[in-house]
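Thanks for taking a look at this one with me.

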Amino acid sequence: MSSKKRSSGSKNRTFRTKAPQGLGVRPAKSLGQNFLIDEDVIQAIVEGSGVTDKSLVIEIGPGTGALTLPLAERAGRLIAVELDERMIQGLRVKTYSLGNVEIIHDDILKVDLRGLIDRNLEEYGLEDVRIVGNLPYYITTPIIMKLLEADTGASSITAMMQREVGDRIAAEPGTKLAGAITYSVHYYSTVTKIVDVGRECFYPSPKVDSVVLRMDILNKAPVEVRDEELFFRCIKAGFMQRRKTLLNSLMSLGDHDKQSIADALDCAGIEHERRAESLSMEEFARLADSLKEA
Ligand code: SAM
């Protein structure tokens, strides 16, 4: 995992950073608006995203366009989805002369990404899809899960997120830091850290530090499971009460009694007292397959 340190770990410190020139609007906390103002970080994201002139880029939450312009200069085409209407006109004006940018005023969680991508790939003869965004932190997990589950055909997702969330996502399954999201992300992708980002790199400066991760989408999942939905339900149930033993936490699945859970654990070769965070991806796959039989 490569990383470039930007911040010396500024816990509990607040920074008064300067608004980017011509901002013109009051940042909306409710929309997670912390605008990137550090040129080195912008450069690291653009380079780390793997965007080329053959790429269709989908940008999530362009805001004032800090990433939009440098990404569009490298890309074949860029489509940016922004929820805040106040940003739309400014973004269209800023990107007009580039001629390869479309700004969509919508909620990224509601957009039909697959349809959007298919239409653009065909029309513009592009070769790959790269999703990039300095994410609104209040919906980091739903966005990442939508992007991974929507089968968009993207090669990678490069996303800025709160550092603690990034640490969980980048953790290896079966380690202390792992959570349900760890298994989901590692089922669909390999994760690389692009850069640590201190809170002083944003306006306004948030109360947390950040990290940029790149998730390269796998062609084939690292484990085979008979029932994907049950596999993910097991992981969720296991982590919902992560201090409980698996024998107890899996009761929240609701459709298996204690005896059939015990039998499934035995069949998968997993001791009843183990907790979710100690299971590898393969063990969760074996467990879900055994439960399918139970
Ligand atoms: N990309 C800009 C930057 O790096 O300076 C802005 C990043 S800011 C952290 C997140 C952006 O996502 C904001 O512009 C916000 O309005 C937008 N946003 C929030 N919720 C959204 C949603 N559901 N769909 C699309 N954009 C959203």
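How far does helix H4 reach from its first C-alpha to its last? Keep that in mind as you read; please also note that this is a predicted model.

1. **Helix H4.** This helix covers residues 113-124, twelve residues in total. From its first C-alpha to its last it reaches 16 Å, close to the 16 Å expected at 1.5 Å a residue.

2. **The buried side of the story for H4.** If you click through the helix, you will find that Leu113, Gly115, Leu116, Ile117 and Asn120 are buried.

3. **Strand E2.** E2 runs over residues 55-60 and is mostly covered, with six of its six residues buried. Ser55, Val57 and Glu59 point one way from the strand, while Leu56, Ile58 and Ile60 point the other way. Residues on both of these sides, Glu59 among them, are buried.

4. **The partners of E2.** Which strands pair with E2? One is E5 (residues 128-134), joined in the parallel sense over six bridges; here Ile58 has Ile131 as its bridge partner. Another is E3 (residues 77-82), also parallel, over five bridges. On that side, Leu56 stands opposite Arg77.

5. Follow the chain from E2 through helix H2 (residues 68-74) and into E3, and you trace a right-handed β-α-β unit.

6. **The whole protein.** Stepping back, the protein has eleven helices and nine strands. Its C-alpha atoms fill a box of roughly 65 × 50 × 30 Å along the principal axes. A compact globule of 294 residues would have a radius of gyration near 19 Å, and the protein has 21 Å, which agrees.

7. Of the 294 residues, 52% are buried. The protein exposes about 14200 Å², and carbon and sulfur atoms supply 48% of that area. Among contacts with a separation of 6 or more, 68% are between residues 24 or more positions apart.

Terms used: Residues numbered from 1 in each chain as written. Predicted model: local features only at pLDDT ≥ 70, side-chain atom pairs only at ≥ 80, totals over all residues. Heavy atoms only, no water. Buried < 20%, exposed > 50% of the residue type's maximum accessible area, 1.4 Å probe, protein only. Helix = DSSP H or I, 4+ residues; strand = E, 2+ residues; numbered from the N terminus. Pairing = 2+ DSSP bridges. Right-handed = clockwise from strand over helix to strand, strands pointing away. Expected span 1.5 Å × (residues − 1). Rg over C-alpha atoms; globule rule 2.2 N^0.38 Å. Contact = heavy atoms within 4.5 Å. Areas by Shrake-Rupley, 256 points an atom, 1.4 Å probe, with all protein chains shown as cover.
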